[in-house]
Amino acid sequence: MTAYWELAVVLAAAVNPAAIAAAASELPGSRASRGQAVAIAWAIGAGMTAAAAYGAERLLAGLELSHETFRIAAGAVLAVTGTRETWRGSPPLSSVPNRAWEQGVYPLGLPLFASPAGLMTAVALAGHPEVGPAKTLGAALPVLAAAAAAALAARERHQGLWRAAAQSIGALAVAVGVAFVVAGIRSV
Amino acid sequence: MLRGLAVTLAVWALGFAVLRLTIAGPELCEPPSPTAVEASISAAATWLSAHQSADGRFLYEYDRDARAASPEYNEVRHAGVTTSLYQLAAAGKPDYLDTAERGLDRMLGRLLRRDGWAAIREDDGTAKLGSTALLVAALVFRREATGDLRYDPLLAELGRFLLAMQEPNGRMLAYWSPALGGPIPDLTSRYYTGEAFWALTLLARTFPHEREWLDGARRVARYLAEERDEAEELEFAPWPDQWAAYGFAELARLAPLSESEVAYLRSLAERFGMLVRFDAQRGEDDVSTLFRGEGARGAGLGTWVEGLGALWRAASVETRLADLRPAISERALCGAGLLVARQTAAEEAEGDARAVGAWFRSGVTRMDDQQHALSALLAVLEILTEAEPQE
């Protein structure tokens, strides 16, 4: 999977914009404060994804892992995350703050826009010699932008719809995770 | 916010630890230097040579903790060990040729002849396909190492036995029975088919005007690539068959490979690569052993690296495999690094001469641990030699 649209689909499955929207719809605050929170979260997500993509090679060397083996680990995380999203629709959140900037850091920034599945997928893709960091980031930024748009648009009354969409994307994440594991195992 | 963030980061750290202990453990493999590989090869060959009996038998199995040798023996493994020593001689290192010759004499003393063919006889009068196939390989490498052609007629006899054990679809029967006066029907071996295939390709290379060897090899090649794993119910296909890889490395130089054969070789490379990667994650500490198991025995890791070495050679001539060559090389060097690191050095042997140069697992080494590791390191030496800039 090296074509741009394939990377975008894989990253969309990993980030799950619908799950972010479903979680965002539960957050307290005005429309303006949501905008502020989402902007901060997007910056955190984009920054950490860029760091993951451009630091992938060093990270893998530091961890003493080949990108093939890391892909298996990323696939496992994707599959577990996807299973949870398929079941619940959005991640369980606790201790949600009221201030917008705080919501932008937690829960919107971490663990939603910058999620283990998203970051590990970014490393796995960027570490692949046929993909690389630029292509990975090029596919990730529009996905994060879509997640930001969904988070801004999400309203509590539409939460059921967002959850249903998140569950579908979660199922896709499971499939992508399994594909990652198989591809990692079936690599020289 | 801080509480939520702290919980999130704690969950991430826990997840990372679980991954690190299981599937994302560090792959500890440093490519060895040519000097280290050569030293390791010499130590392995010395182990085989130093503990050889006057009758040509090698030390079969040794328990380091009990300081006891096993009374068992296996003629197929004997043939394999002898082959590896002739491989070494053919690679320009004749120091252990005498050891190989003594091993050969033992096999020549056990020949069974019928209907124009010859095979190695077991104590019960049966003949195993595997030992005869590996005798062919030994004699071909001996011929290349010494230039002595005296065994050419015997090679033809042995080759005819291999063909006598072949079915029309390329399947190789494993045992010849004196009671039946022919092969035992439907009995195959996951090892012997590849060994016979390799032997036939070596005969085809050595005697290019005798078409029967290449024709026989092509039949086994097709069977291996298209039928064997399913027909013989080998789980988790492809069976990681380094003998088949050896055979295809030869065949690729003799004739064009079919699409299914190329696909089979790609899948073999993937399997060997995965096995080496996983084994590289197995450290020697208790935590690593608990979560990822003990490292493979020398024979296991050796066969994977042998397979990668053979596929590297195949990829050198088969353009449809050329893209795999860097990855195969990287993985073979990784496996070789592990082999060199896991070999028992003199200072680790606590004065036990039978431990020096051997690969132990759970305190036990068997002669094929040294055999496969030696052949694997020879293959890697070829890769390293190509990688080294020539002066």
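A crossing of two helices is called left-handed here if the near helix is turned anticlockwise from the far one by less than a right angle, and right-handed if clockwise. This is a predicted model, where local features need pLDDT of at least 70 and side-chain atom pairs count only at pLDDT 80 or more, while totals for chains, interfaces and linings use all residues. Residues are numbered from 1 along each chain as its sequence is written, and chains are lettered from A and ligands numbered from 1 in the order in which they are written.

**View 1. Helices H5 and H9 of chain A pack at an angle of about 160°.**
Here H5(A) spans residues 67-88 and H9(A) spans residues 159-185; helices are DSSP runs of H or I with at least four residues, strands are runs of E with at least two, and both are numbered from the N terminus. The two axes are 7 Å apart, each axis being a line fitted to C-alpha atoms over the stretch in contact, with angles running from 0 to 180 degrees between N-to-C directions. That angle makes H5(A) roughly antiparallel to H9(A) (under 35 degrees is roughly parallel, over 145 roughly antiparallel, 65 to 115 roughly perpendicular, and the rest oblique). The crossing of H5(A) over H9(A) is left-handed. Sorted by class, this contact has 16 nonpolar, 10 polar and 3 charged residues; Ala, Val, Leu, Ile, Met, Phe, Trp, Tyr, Cys and Pro count as nonpolar, Asp, Glu, Lys and Arg as charged, and the others, Gly among them, as polar.

**View 2. Helix H7 of chain A is mostly covered.**
Among the buried residues are A:Pro116, A:Gly118, A:Met120 and A:Val123.

**View 3. H7(A) meets helix H8 of chain A at roughly 140°.**
H8(A) covers residues 132-153, and its axis comes within 8 Å of that of H7(A). The angle makes H7(A) oblique to H8(A), and their crossing is right-handed. From H7(A), look for A:Ala122, A:Leu125 and A:Ala126; they meet A:Gly132, A:Pro133, A:Thr136 and A:Ala140 in H8(A). Contact here is for residues whose C-beta atoms, placed from the backbone, lie within 7 Å. The contact has 5 nonpolar, 2 polar and no charged residues.

**View 4. Helix H6 of chain A holds A:Pro107 and A:Pro111.**
H6(A) takes in residues 100-113. Going from A:Tyr106 to A:Pro107, the peptide bond is cis, with omega near 10°. A cis peptide bond also joins A:Leu110 and A:Pro111, where omega is about 10°.

**View 5. Chain B touches chain A through 23 residues of its own and 25 residues of chain A.**
On the chain B side, H1 (2-21), H11 (259-280) and H14 (325-342) each supply at least two residues. H1(B) gives the most, with 8 residues. That side of chain B divides into 14 nonpolar, 4 polar and 5 charged residues.

**View 6. Chain B is divided into domain 1 (38-70 + 263-391) and domain 2 (74-235).**
The bounds come from an automatic or database domain assignment. Taken over C-alpha atoms, the domain centres are 23 Å apart. Their contact takes 16 residues from domain 1 and 17 residues from domain 2. On the domain 1 side, H2 (34-50) and H15 (367-387) of chain B each supply at least two residues, and H15(B) gives the most, with 6 residues. The domain 1 side has 8 nonpolar, 5 polar and 3 charged residues.

**View 7. B:Ala336 sits in helix H14 of chain B.**
B:Ala336 is buried, with 31 other C-beta atoms within 10 Å. Leaving out residues up to four places away in sequence, B:Ala336 touches B:Pro32, B:Val37, B:Val305, B:Ala376, B:Leu377 and B:Val380. B:Ser33 is 303 residues away from B:Ala336 in sequence, yet 9.8 Å away in space, C-alpha to C-alpha.

**View 8. B:Arg67 has a positive phi, near 50°, and B:Phe236 has one near 55°.**
B:Arg67 is in the loop between strands S1 (61-63) and S2 (68-69) of chain B. It counts as exposed, with 10 C-beta neighbours inside 10 Å. B:Phe236 lies in the loop between helices H9 (228-231) and H10 (242-254) of chain B, and with 8 C-beta neighbours inside 10 Å, B:Phe236 counts as exposed.

Conventions. Two residues are in contact if their C-beta atoms, placed from the backbone, lie within 7 Å. A residue is buried if 20 or more other C-beta atoms lie within 10 Å of its own, exposed if 12 or fewer, and partly exposed in between; C-beta atoms are placed from the backbone.
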